[in-house]
Amino acid sequence: MKFGILVNEGPYTHQASDSAYLFTKAAIEDGHEIFRVFFYHDGVNNGTRLATPPQDDRHIPNRWTELAKENNIDLVVCVAAAQRRGMVDPEEMKRNKKDANNLAENFRISGLGQLIEAGIQTDRLITFGD
Amino acid sequence: MLHTINKSPFEKNSLQTCLRVAPDKSNILLIEDGVYAALKNTDFEKNILEGQKIHKFYVLEPDLKARGLDIKSLIPNIDIIDYKGFVKLTVENSRVQNWL
């Protein structure tokens with residue numbers, strides 16, 4: 001079955017980001033396809049490559065990157081939510097004349113249309129948030 | 001239809017709202033702080049017992065464990081499942097509503 005995942009909550013906030021990750025992992029292990037994980041609202045903060053959590057804690061952004069690399073998952077960050085919160089990829093850095101970028105590997109910035117498409121193209125769209 | 005509830009009923013009224021509008025024979029999965037609704041001897045127990053007459057309840061075991069909640073302290077007839085079971089529920093139910 002084809003799944004879309006929507007993450008509306010930032011990392012280390014409550015539990016939604018962890019739940020989304022564990023659900024996604026379990027779905028892959030069960031042989032399902034993850035069409036896309038869409039990060040919206042504070043969820044865009046899951047895509048920062050500048051996070052340095054304590055060594056004995058889970059590294060939430062890296063964990064998403066690794067899962068995406070291993071399973072070829074499309075990790076999409078909402079552009080409007082990202083701009084508000086200072087999540088920037090090299091292209092956005094140029095476009096908005098910023099002096100840095102911070103989007104982690106395997107994440108990409110795109111629009112809400114990608115969420116709508118995930119809703120249309122998948123069998124199930126599962127939402128995690130606060 | 002599957003509903004997921006991720007808030008304690010003592011914090012938000014999402015479970016109450018869900019119970020009010022859920023079609024008969026819904027599957028209701030308690031995750032994150034939602035697992036507190038599965039406890040016996042709370043003010044909310046009667047709502048679950050009432051809901052069990054028309055719906056099936058599930059609770060996510062890792063989230064129970066994370067909160068140090070004992071399986072023995074749960075209302076009877078709530079199925080205890082893991083993430084694999086969570087995925088299975090989303091496959092079996094053609095519609096999923098994630099109450100936030």
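Residues are numbered from 1 along each chain as its sequence is written, and chains are lettered from A and ligands numbered from 1 in the order in which they are written. In this predicted model, local features need pLDDT of at least 70, side-chain atom pairs count only at pLDDT 80 or more, and totals for chains, interfaces and linings use all residues.

Student: What is the order of the strands in the open sheet of chain A?

Tutor: Helices (H or I, at least four residues) and strands (E, at least two) are DSSP runs, numbered from the N terminus. Two strands pair if DSSP finds at least two bridges between them. The open sheet has five strands with parallel pairing, in the order 4-3-2-1-5.

Student: Are helix 1 and helix 2 of chain A roughly parallel or roughly antiparallel?

Tutor: Axes are lines fitted to C-alpha atoms, for helices over the stretch in contact, and angles run from 0 to 180 degrees between N-to-C directions. Helix 1 (residues 16-29) and helix 2 (residues 60-71) of chain A pack at about 20 degrees, with axes 11 Å apart. Angles under 35 degrees count as roughly parallel, over 145 as roughly antiparallel, 65 to 115 as roughly perpendicular and the rest as oblique. Helix 1 and helix 2 of chain A are therefore roughly parallel.

Student: Which residues of helix 2 of chain A make the contact with helix 1?

Tutor: Two residues are in contact if their C-beta atoms, placed from the backbone, lie within 7 Å. Helix 1 of chain A brings A:S17, A:Y21, A:T24, A:K25 and A:I28. From helix 2 of chain A come A:I60, A:R63, A:W64, A:L67 and A:N71.
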